[in-house]
Amino acid sequence: MKQDNIRNVAIIAHVDHGKTTMVDRLLGAAGAFRENQRVEERVLDSNDQERERGITILSKNIAIQYGDVKINVIDTPGHADFGGEVERVLNMADGALLIVDAFEGPMPQTRFVLRHALALGLRIVVVVNKVDRPGARPDEVVDAVFDLMVELDASDEQLDFPVVFASAMNGYARYAADDGNMDMVPLLDTIVQQVPAPDCEPSGPVALQICTVDHSSFVGRIGVGRLYSGTMHKGEQVLVIKNDGTRYNTQIKQVFTFQELGKVEVEAAGAGDIIAVVGVDDADIGDMVTNRDNPIRLDPIEVEQPTMSVVFEPS
Ligand code: GDP
């Protein structure tokens, strides 16, 4: 069944192409920032280490409520990735916003993340950002993205991608490079129309596959993933099936979903949503957290081994 009021979309970009600014603007446009509320820091850059380095290191998710639809925005690491983190978090999404600088065009990180997104079958929404830049060449950049997708073996459906032209800095998104629109609504509408709603079983037994693991000094390990089936309740007695097939029982101590400014604790979360759970202290990527009587086991998450290796020359 399609969960029509949810969209799970990853946001992918080469460093500095405007991912953080874009998410801020989308939040603003969806009315997430109340009037007069001062937001001291940009949402996706709230990590200290990240601020220091000026790049996005940790994956952090937020959600945007746009009309009836909750858009979970899944951040992806913006740096070279050797641990498969990008692939894992992309597993939670049905589509991806590919943000490309209208002047620079696709860059190495664009290519790297796009390759994984295409391989997972995600619907790609191309967002040509910074169209305000002097010398911006939005149409050429769209062609370059198309060529790159062909090279990366995109399907015909993926090649038929929607394009939105944006200036995140100035807070607008447009269907054509010069249509004069001055808000972000075209991008929000494109996400809702073009990214498929998640496929799930709301009335089935609970089943969550852990796609990424977070850590908090207060609660310990936090498993994050998309709930494929059922409803996850706080206090629920669950079975964990690990990648290697070993099983153990545990109790879910806390359940979180995502909202405008990050995680928020809830009593229960429904299928199709991206959720975080506390209580699975041994959680690893790919583990299933499921119903004890009717366990569901999804295919393991496949992560390509890094192709780079360091060769030590014996001296
Ligand atoms: P991220 O690394 O992808 O998260 O990129 P940021 O959102 O941090 O943006 C990188 C830089 O590009 C910042 O200096 C932004 O102010 C700037 N920037 C973002 N969007 C735009 C835009 O639409 N136009 C212009 N000219 N600059 C932008």
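**Notes on the predicted model**

1. Let's start with helix α5, which covers residues 138–151 and includes D139. Bear in mind throughout that this is a predicted model. D139 counts as exposed because its relative accessible area is 53%, and the cut-off for that class is over 50%.

2. Next, the ligand. The residues around the ligand number 16, and those that come nearest are D16, K19, T20, T21 and D132. Which helix gives the most to this shell? That is helix α1, residues 19–29, with three residues.

3. A few atom pairs at the ligand may be handy when you look at the pose. The side chain of T20 has an N or O atom 2.4 Å from an oxygen atom of the ligand. For K19, a backbone N or O atom sits 2.8 Å from a ligand oxygen. M169 also takes part through its backbone, where an N or O atom is 3.2 Å from an oxygen atom of the ligand. As for how much of the ligand is covered, it exposes 580 Å² when taken alone, and the protein buries 78% of that area.

4. Now to the sheet. Eight strands form an open sheet with antiparallel pairing, in the order β12-β11-β17-β8-β9-β16-β13-β14. At the edges are β12 and β14 (262–266), each of which pairs on one side only. Ignoring direction, neighbouring strands in this sheet are turned against each other by 40° on average.

5. Within that order, β8 and β9 deserve a look of their own. Strand β8 spans residues 207–216 and strand β9 spans residues 220–229; the two run antiparallel and are joined by nine bridges.

6. T250 belongs to β12, residues 247–251, and β12 pairs on one side only. Is T250 buried or exposed? T250 counts as buried, because its relative accessibility of 14% falls under the 20% cut-off. Leaving aside residues up to four places away in sequence, T250 touches E236, Q237, V238 and V240, along with G279, V280 and R292.

Note on methods
Residues are numbered from 1 along each chain as its sequence is written. This is a predicted model: local features need pLDDT of at least 70, side-chain atom pairs count only at pLDDT 80 or more; totals for chains, interfaces and linings use all residues. Side-chain values use heavy atoms; hydrogens and water are left out. Helices (H or I, at least four residues) and strands (E, at least two) are DSSP runs, numbered from the N terminus. Buried means under 20% relative accessible area, exposed over 50%, partly exposed in between (1.4 Å probe, protein chains only). Contact means heavy atoms within 4.5 Å. Two strands pair if DSSP finds at least two bridges between them. Axes are lines fitted to C-alpha atoms, for helices over the stretch in contact, and angles run from 0 to 180 degrees between N-to-C directions. A residue is near a molecule or strand if one of its heavy atoms lies within 4 Å of it. A polar contact is a pair of N or O atoms within 3.5 Å; within protein, one must be able to donate a hydrogen and the other to accept it, and residues adjacent in sequence count only if both atoms are side-chain atoms. Accessible areas come from the Shrake-Rupley method with a 1.4 Å probe; for residues, only the protein chains shown count as cover.
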